[in-house]
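User: I am new to this structure and would like to understand the words used to describe it. Could you take me through a few of them?

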Amino acid sequence: MKSDKPISRTAGISLLALAVLALACVSMPTVEQERRMARDISQQARREMHMLKDEVVERYITDIGNAIVSAAGPQVFDFEFSVVENDELNAMAAPGGNVFIHTGLILQVRNVSELAGVMAHEIAHVVKRHPAESMTRAQNQQLLRTIAIMGTGVVGGSSAQMAAEALTGVSALAYINRFSRENEREADEFALRVLPRAGYDPEGMVTMFETLQQRAGSSRSPVFLSSHPSTAERFTKARRYLAMNPPPPGLRRTDGGRLEIIQCRIYLLTGRQCDIPPSAEPGRGAR
């Protein structure tokens, strides 16, 4: 039986707001929008994150990153590589070309091929626009939650703005980096394919992931793996890929002690004693 009871003004406003939110579902940003987003994220990161402001360390990381980007071919984004003073074993990719490497990760790698492997993986996420895709998905999830809350009459008129701004700040990078399994496979394959072109041994990516996976069994799991699913499967696929596509000889695993100098520099800049294991002394086993 049809009710003749009129819709209240409050209910009418809520229904209108729900309709507006439903129509305003966040779509994937354009390349130009992502470029603007990258500039904003870079500025915000330098305000909110504790960056290691050292030209020598920054140049070392940027040189590795640029070599990998160049090997990948022409790109639509200008990459920016930043070093975050943080002991967590972590690296993050942000929309539009920002890649953040934690000092904790740099200090734990055993050779430059391991560092290049992690960086290539993060560069792949940017090239494939995974951070923008993940952010869009997260924003839409927030939007749906907002719609559900509004349906109960709890949230007011600022809900659309809240949903639109959700998960866009630097503090949300960890969430944005929760990529799908397909994203992870795509990034792994990209890194394994591009690393030899950049002159780095792709085996380093595999050995670094294995090291991180071993540490994941400890009480404090590496942040880098906390949002990366199916790690064992990815290792198996990576090893299978290298078996089927053996890299050429002479690729770099070490860089004549440069990494060890950078590691020592980070220790000293962060107020600690430089304590490099004998197996990692400059020049030892370099090729």
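This is a predicted model: local features need pLDDT of at least 70, side-chain atom pairs count only at pLDDT 80 or more; totals for chains, interfaces and linings use all residues.

User: Why are H3 and H13 called oblique to each other?

Analyst: Helix H3 (residues 55-72) and helix H13 (residues 258-269) pack at an angle of about 140 degrees, with their axes 10 Å apart. Angles under 35 degrees count as roughly parallel, over 145 as roughly antiparallel and 65 to 115 as roughly perpendicular, and the rest are oblique, so H3 and H13 are oblique.

User: Which residues of H3 make the contact with H13?

Analyst: On the H3 side they are Val 56, Val 57, Tyr 60 and Asp 63, and they meet residues of H13 including Leu 259 and Ile 262, where contact means heavy atoms within 4.5 Å.

User: What makes Ser 42 count as buried?

Analyst: Buried means under 20% relative accessible area, exposed over 50% and partly exposed in between, with a 1.4 Å probe and protein chains only. Ser 42 has 11% relative accessibility and therefore counts as buried. Ser 42 is placed in helix H2 (residues 31-48), and, leaving aside neighbours within four places in sequence, Ser 42 is in contact with Glu 80 and Asn 98.

How values were computed. Residues are numbered from 1 along each chain as its sequence is written. Side-chain values use heavy atoms; hydrogens and water are left out. Axes are lines fitted to C-alpha atoms, for helices over the stretch in contact, and angles run from 0 to 180 degrees between N-to-C directions. Helices (H or I, at least four residues) and strands (E, at least two) are DSSP runs, numbered from the N terminus.
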